[in-house]
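Me: Could you take a close look at the side-chain contacts in this model, beginning with the charged pairs? I would like one connected account.

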Amino acid sequence: MKVYSRSIYTCRKDIPSLKFAPAEHLTAFGGLVIFMKLFERLDLWSRINRCFAHLPKAGGYTHGVMIRCRLVHLLLGCRHLRERDFYAHDPLVRQCLGLLRIPSVPTLSRLLASTDETSVEDLRQLNLQPVLDRLAQQGMRTLTLDFDGSVLSTSRHAQGTAVSFNKQKKGARS
């Protein structure tokens with residue numbers, strides 16, 4: 001189906017205010033309002049679009065829109081692309097994405113498949129840069145990173161488990 005850009009994108013940039021009233025119809029995704037302010041402050045959407053500027057636009061949706069959708073998808077606690085159907089018609093999610101219509105699962109899959117290595121590297125730099133900027137702003141001379149591993153034992157042969165070191169249950173799959 002042919003989709004035109006004017007039927008996809010919205011010009012609204014305002015962030016809704018939160019009001020708590022018992023008679024209101026609430027969206028389950030009201031917490032996105034906080035992230036909308038963060039995205040605006042970081043100028044995240046335009047920075048994501050710049051990561052894909054070298055790729056040709058194929059159809060109504062861009063690679064930047066696909067990454068925005070994936071980011072919000074993960075923020076909403078969804079893992080699988082098909083779970084997009086749970087929030088596809090939610091007005092707050094669409095407003096957060098700056099879209100009138102959220103792309104379908106096949107469209108998202110095609111855009112994911114056509115992403116090149118240059119775009120992935122640009123996204124990695126985009127992930128790294130705000131952290132480095134904030135560290136420079138803080139003026140810290142040293143930084144200590146502490147990575148701890150948590151062991152979760154299973155009592156069965158679940159996929160992705162193996163016998164590993166666990167003080168409390170030696171020989172147990174974790």
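Reply: Asp85 counts as partly exposed at 41% relative accessibility, where buried means under 20% relative accessible area, exposed over 50% and partly exposed in between, for a 1.4 Å probe and protein chains only. This is a predicted model, in which local features need pLDDT of at least 70 and side-chain atom pairs count only at pLDDT 80 or more, while totals for chains, interfaces and linings use all residues. Residues are numbered from 1 along each chain as its sequence is written, and side-chain values use heavy atoms, with hydrogens and water left out.

The partner of Asp85 is Arg84, with which it forms a salt bridge whose closest N and O atoms are 2.8 Å apart; the term requires a side-chain nitrogen of Lys or Arg within 4 Å of a carboxyl oxygen of Asp or Glu. Arg84, at 12% relative accessibility, counts as buried. By this rule there are 3 salt bridges. Another of them joins Glu121 and Arg124 at 3.6 Å, N to O, and these two residues, 3 apart in helix α6 (residues 117–138), are separated by about one helical turn; helices here are DSSP runs of H or I with at least four residues, numbered from the N terminus. Glu121 is partly exposed, with a relative accessible area of 35%, and Arg124 is partly exposed at 47%.

In helix α1, Lys37 and Glu40 also lie 3 residues apart, about one turn of the helix, and they form a salt bridge with closest N and O atoms 3.6 Å apart. Lys37 is partly exposed at 48%, as is Glu40 at 45%. The buried residues of α1 are Leu32, Val33, Met36 and Phe39. Seen down the axis of α1, they fall within an arc of 115 degrees, so they line one face of the helix, the arc being that of the directions from the helix axis to the C-beta atoms. On the face turned away from this buried side, α1 carries the exposed residues Ile34 and Arg41.

Ile34 also belongs to a nonpolar surface patch with Phe35, Leu38, Leu42 and Leu75, which together have about 400 Å² of accessible area. Patches are made of residues with over 30% relative accessible area and no salt bridge, like charges being joined within 9 Å and nonpolar side chains (Val, Leu, Ile, Met, Phe, Trp, Tyr) within 5 Å; accessible areas come from the Shrake-Rupley method with a 1.4 Å probe, only the protein chains shown counting as cover for residues. Helix α1 gives the most to this patch, with 4 residues.

The structure holds 3 aromatic pairs, where rings of Phe, Tyr and Trp (its six-membered ring) pair if their centres lie within 6.5 Å, planes under 30 degrees apart counting as stacked, over 60 as edge-to-face and the rest as tilted. Among these pairs is the edge-to-face one of Phe29 and Tyr87, 6.3 Å centre to centre with 80 degrees between the planes. Phe29 lies in the segment before α1 (32–42) and Tyr87 in the loop between α3 (63–75) and α4 (91–97), so the pair ties together parts that are 58 residues apart in sequence. Both Phe29 and Tyr87 are buried.
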